[in-house]
Amino acid sequence: MRRVSRPSSRSLETHLQSLPAEEAIPYLLKGLPHSLRAVVDEGLRRERIELSFAHLATLYTIDAEPGLAGAELARRSSVTAQTMNTILHRMERDGQLERRPHPSSSRADSWFVTARGNKQMDQAKVVGKAIWRKMLAALKEREVAQLQSLLHRCIRGLDVQLAEK
């Protein structure tokens, strides 16, 4: 059985440049979180911060909206309820999260970040800021602002499509 190798990033870049924008941009947008996840996981490991990208994303989400239920966290993270349940229980065991009864559903739990979780998140933010700074260093200051504006407009364009249904 012949093994097919993955094209080099240079040949992939050349290929993507030959595609129409409506084909290349979705591929690039899908690749960004994949690359980001790998770089963040490596940065956290290098700094000996005992979090994975998935755990960090969970901490960020719960910190922004304390009391979310596991099912809602799963939807927002695009993972199954079972996967999120595993993440939440591990983080509870490790002292990063606290579980409380959900105010409107006896079958659900509400999740909150603990002091330990906040401390680890603060440490991870330092790693994350360095990663973003290095990534955005390839752009001029006005290009960073333009990228931010364009991404907001893309999100609004998708939100409009959702509202039409």
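Predicted model: local features only at pLDDT ≥ 70, side-chain atom pairs only at ≥ 80, totals over all residues.
Helices, each a DSSP run of at least four residues, are numbered from the N terminus, and in this scheme Leu151 has its place in helix H7. Among the features to look for are the antiparallel pairing of strands S1 and S2 and a count of ten salt bridges.

**The nonpolar patch on the surface**

- Leu151 belongs to a nonpolar patch on the surface that also includes Ile25, Leu29, Leu139 and Leu147, and together these residues have about 390 Å² of accessible area.
- Helix H2, which covers residues 21-46, and helix H7, which covers residues 141-163, each supply at least two residues of this patch.
- Leu151 itself has a relative accessibility of 38% and therefore counts as partly exposed, because that class lies between the limit of 20% for buried residues and the limit of 50% for exposed ones.

**Tyr60 in helix H3**

- Tyr60 lies in helix H3, which runs over residues 53-64, and with a relative accessible area of 38% this tyrosine is partly exposed.
- When neighbours within four places in sequence are left aside, Tyr60 is in contact with Met121 and Lys125.
- Tyr60 and Asn118 are 58 residues apart in sequence, while their C-alpha atoms are 9.3 Å apart in space.

- Strand S1, made of residues 97-101, pairs with S2 in the antiparallel sense, and five bridges link the two.
- Strand S2, made of residues 109-113, is mostly covered, since four of its five residues are buried.
- As a general rule, the side chains of a regular strand alternate between the two faces of the sheet.
- Ser110 has its place in strand S2, and its relative accessible area of 2% means that this serine is buried.
- The side chain of Ser110 reaches the backbone oxygen of Gly67 at 3.2 Å.
- Not counting residues up to four places away in sequence, Ser110 touches several others, among them Gly67, Leu68, Glu98 and Arg99, and its list of contacts also includes Pro101 and His102.

**Salt bridges between charged side chains**

- The count of salt bridges in the model comes to ten, and the following points describe some of them.
- The side chains of Arg90 and Asp94 meet in a salt bridge with an N to O distance of 3.4 Å; Arg90 is partly exposed at a relative accessible area of 39%, and Asp94 is partly exposed at 23%.
- Asp94 also meets the side chain of Arg93 in a salt bridge, here at 3.1 Å from N to O, and Arg93 is exposed, with a relative accessible area of 62%.
- Elsewhere, salt bridges that share partners join Glu65, Glu72, Arg75 and Arg76 into one network.
- Glu92 forms a salt bridge with Arg99, in which the closest N and O atoms are 2.7 Å apart.

- Ser78 lies in the loop between helix H4, which covers 70-77, and helix H5, which covers 81-93, and at 68% relative accessibility Ser78 counts as exposed.

Notes
Residues numbered from 1 in each chain as written. Heavy atoms only, no water. Buried < 20%, exposed > 50% of the residue type's maximum accessible area, 1.4 Å probe, protein only. Pairing = 2+ DSSP bridges. Contact = heavy atoms within 4.5 Å. Polar contact = N/O pair within 3.5 Å; in protein donor to acceptor, adjacent residues only side chain to side chain. Patch = residues over 30% accessible without salt bridge, like charges linked within 9 Å, V, L, I, M, F, W, Y side chains within 5 Å. Areas by Shrake-Rupley, 256 points an atom, 1.4 Å probe, with all protein chains shown as cover. Salt bridge = Lys/Arg side-chain N within 4 Å of Asp/Glu carboxyl O.
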